[in-house]
Amino acid sequence: MKPTHSWAALASDITRESVDNTINALVGVSWAAKPVLVISSSGGSAEHGFRLCEYIEGYPKPLTGLVSHTDAKSMAALVLLSCSHRVMVKNAGLHFHHITARVNENASQRVIKMVAEEMRRFEERQIALIKKRTKLNTDYDIRKLLDADRLMDSDEAFWLGFVDEVVGR
């Protein structure tokens with residue numbers, strides 16, 4: 001008999017390679033009755049992180065996201081929000097902030113405008129995902145959270161609807 005739970009992990013910075021590896025691992029556990037994505041990441045690329053979010057949102061069965069013993073920061077916290085069921089260990093945290101990008105100091109105005117437009121689109125996606133999956137339902141409240149740029153503990157994350165369950169209380 002196959003076990004009912006199996007897991008994949010996102011345990012490094014979010015890059016093209018780590019997202020490809022995570023997607024491949026999720027494909028590998030899709031047979032499980034209750035697949036779990038264990039998240040322990042400080043974030044990374046918004047482009048690749050949103051690609052993982054889209055994959056998770058189209059996953060063939062409910063996927064539990066688990067933040068265990070460390071934190072899900074930045075883009076990793078948004079990956080958690082994409083999961084069907086979201087769980088945090090009591091001593092873990094979530095960190096949300098505005099999506100940022102680095103631009104070379106010698107970049108042309110055209111490049112700067114392109115990057116600014118991409119950041120605006122990423123922030124719209126970020127706000128839409130937070131609005132869809134939490135109790136924060138106004139852009140004002142979400143922007144206030146992003147402006148604070150701080151770590152949220154598991155109790156606050158539960159109270160605001162960022163997670164469905166806190167284990168180890």
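Residues are numbered from 1 along each chain as its sequence is written. Because the model is predicted, local features need pLDDT of at least 70 and side-chain atom pairs count only at pLDDT 80 or more, while totals for chains, interfaces and linings use all residues; side-chain values use heavy atoms, with hydrogens and water left out.

**Exercise 1. Backbone angles**

Find where S74 and D149, two residues with positive phi, sit, and say how accessible each one is.

Step 1. Start with the expectation: most residues other than glycine have a negative phi.

Step 2. S74 goes against that, with a positive phi of about 55°. Its place is the loop between β3 (64-73) and α3 (75-82). Helices (H or I, at least four residues) and strands (E, at least two) are DSSP runs, numbered from the N terminus.

Step 3. S74 has a relative accessible area of 17%, so it is buried. Buried means under 20% relative accessible area, exposed over 50%, and partly exposed in between (1.4 Å probe, protein chains only).

Step 4. D149 also has a positive phi, near 45°, and lies in the loop between α5 (139-148) and β6 (150-153). At 43% relative accessibility, D149 is partly exposed.

**Exercise 2. Core and contacts**

Identify the residues that touch the most other members of the largest nonpolar core, then trace the contacts of F96 and Q126.

Step 1. A nonpolar core is a set of buried Ala, Val, Leu, Ile, Met, Phe, Trp, Tyr and Cys residues joined through side-chain atoms within 4.5 Å. The largest one has 47 residues, and L26, L37, V79, L94, F96, I130 and F162 touch the most other members. Its largest share, seven residues, comes from α3.

Step 2. Leaving aside neighbours within four places in sequence, F96 is in contact (heavy atoms within 4.5 Å) with residues including L81, I130, L145, L146, D149 and F162.

Step 3. Q126 is found in helix α4 and is buried, with a relative accessible area of 2%. Leaving aside neighbours within four places in sequence, its contacts are F50, L78, H97, H98, I99 and L146.

**Exercise 3. The largest pocket**

Describe the volume and lining of the largest pocket.

Step 1. On a 1 Å grid over the protein atoms alone, a pocket is an open set of points where a 1.4 Å probe fits, with protein on both sides within 12 Å along at least five of seven lines; lining residues have an atom within 4 Å of a point.

Step 2. The volume is about 340 Å³, taken as the space filled by probe spheres set on the points, with grid points joined across faces, edges and corners.

Step 3. Of the 18 lining residues, G44, S45, A46, I99 and T100 are the closest to the centre.

Step 4. The largest share of the lining, four residues, comes from α4.

Terms used:
Ala, Val, Leu, Ile, Met, Phe, Trp, Tyr, Cys and Pro count as nonpolar, Asp, Glu, Lys and Arg as charged, and the others, Gly among them, as polar.
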